Amino acid sequence: MARLILIRLAQIPLVVIVMSFIVFLFINASGDPVRMMLPIEASEADVVAMREALGLDRPMLVRYGDFLVNAVQGDFGTSLRARRPAMDVVLEALPATLELAGVALVFATLISIPLGIAAAAKRNGPVDTIATIVSVLGQSMPVFWLGILLILVFSVKLRWLPASGRGDWTAIILPAVALGWYMNALMARMTRTAMLEVLSQPFIRTARAKGLPEHMVILKHAFGNARIPIVTVWGLQAGAMLTGTVITETVFSWPGLGRASIYALQSRDYPVVLASIALFTVIFLLINLLVDLAYSLLDPRIRRAA
């Protein structure tokens, strides 16, 4: 177990370095931020002076080397737009993203897993039909389209919920549903598939032949043996949800890290983009580490092998 944790933790810096270099390369190829910061009537001398002041006149690899040295010390540079430390800008927006992703994750988990279990237990019944419809619709609707549809129905037409912003608790309902709906559909389908595979095993027939209550057969024996693939998909989707809030935050004007990253990209604010990518990468890798640890807790064979 300790060896697994150490290996995973050692991989994090390498992955962050590779990701940051790729992002640094593409951002630098996307255009000159100085041209966007200065007014149109600025002279060429003003552009050159600003570029020298920001250190953008040096070769790209030299600038990336300086960034890497400073990033190891926790310094991702100064935001070109906000004129503040880039990591401060990122950390300021992070709580809103964590809040949105957390609520969406709870919403998707509480609906999808019970729905998938019930669909497998009552195969070809009404619940199974509902689960199939939810899975098909959820995986075929883009997040931005679902978000706009929710705004039109519940904000514009019915006036039940706010359409944008981060106000009271009602403001998070629509963006959380839009963000969590795809995971809800995928997890319901995955849970149903994993449960059906286990329910066809001989030990399930043996448990029923012994006279065990059906709820114990389903929840303890079937679900207990179907948890590994479900946890795998849950972990991947949790990481993707947390790091993929960009579209949802943009549609609902949610002041989170995804929206801040979009603004940074539009203004070519290199330090903020790099800081947010580094933070997203670390979070995603830590979630995967927690999933690996969950395997060991759920299956003693994996724990002994580790």
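Trainee: Among contacts between residues at least 6 apart in sequence, what share joins residues at least 24 apart?
Mentor: This is a predicted model: local features need pLDDT of at least 70, side-chain atom pairs count only at pLDDT 80 or more, and totals for chains, interfaces and linings use all residues. Residues are numbered from 1 along each chain as its sequence is written, and side-chain values use heavy atoms, leaving out hydrogens and water. A contact means heavy atoms within 4.5 Å. Among contacts in the protein between residues at least 6 apart, the share joining residues at least 24 apart is 73%.

Trainee: How many helices and strands are there in the protein?
Mentor: Helices (H or I, at least four residues) and strands (E, at least two) are DSSP runs, numbered from the N terminus. From that end on, the elements run α-α-α-α-α-α-α-α-α-α-α-α-α-α. The count is 14 helices and 0 strands.

Trainee: What percentage of the residues is buried?
Mentor: Buried means under 20% relative accessible area, exposed over 50%, and partly exposed in between (1.4 Å probe, protein chains only). The protein has 306 residues. Its buried share is 41%.

Trainee: Which helix gives the most to the nonpolar patch?
Mentor: Patch residues have over 30% relative accessible area and no salt bridge; like charges are joined within 9 Å, and nonpolar side chains (Val, Leu, Ile, Met, Phe, Trp, Tyr) within 5 Å. A salt bridge puts a side-chain nitrogen of Lys or Arg within 4 Å of a carboxyl oxygen of Asp or Glu. The patch has about 940 Å² of accessible area together (Shrake-Rupley, 1.4 Å probe; for residues, only the protein chains shown count as cover), and its members include Phe144, Trp145, Trp160 and Ile247. With 7 residues, the most from any helix, the contributor is α7 (residues 143-157).

Trainee: Where does Val156, a member of the nonpolar patch, lie?
Mentor: Val156 is listed in the patch alongside Leu152 and Val153. Its element is helix α7.

Trainee: Is Asn124 buried or exposed?
Mentor: Asn124 sits in the loop between α5 (86-121) and α6 (126-140). Its phi is near 70°, a positive value in a residue other than glycine. The relative accessible area of Asn124 is 66%, so Asn124 is exposed.

Trainee: What is the relative accessibility of Arg159?
Mentor: Arg159 lies in the loop between α7 and α8 (173-199). Phi here is also positive in a non-glycine residue, near 60°. Arg159 counts as exposed, and its relative accessibility is 69%.
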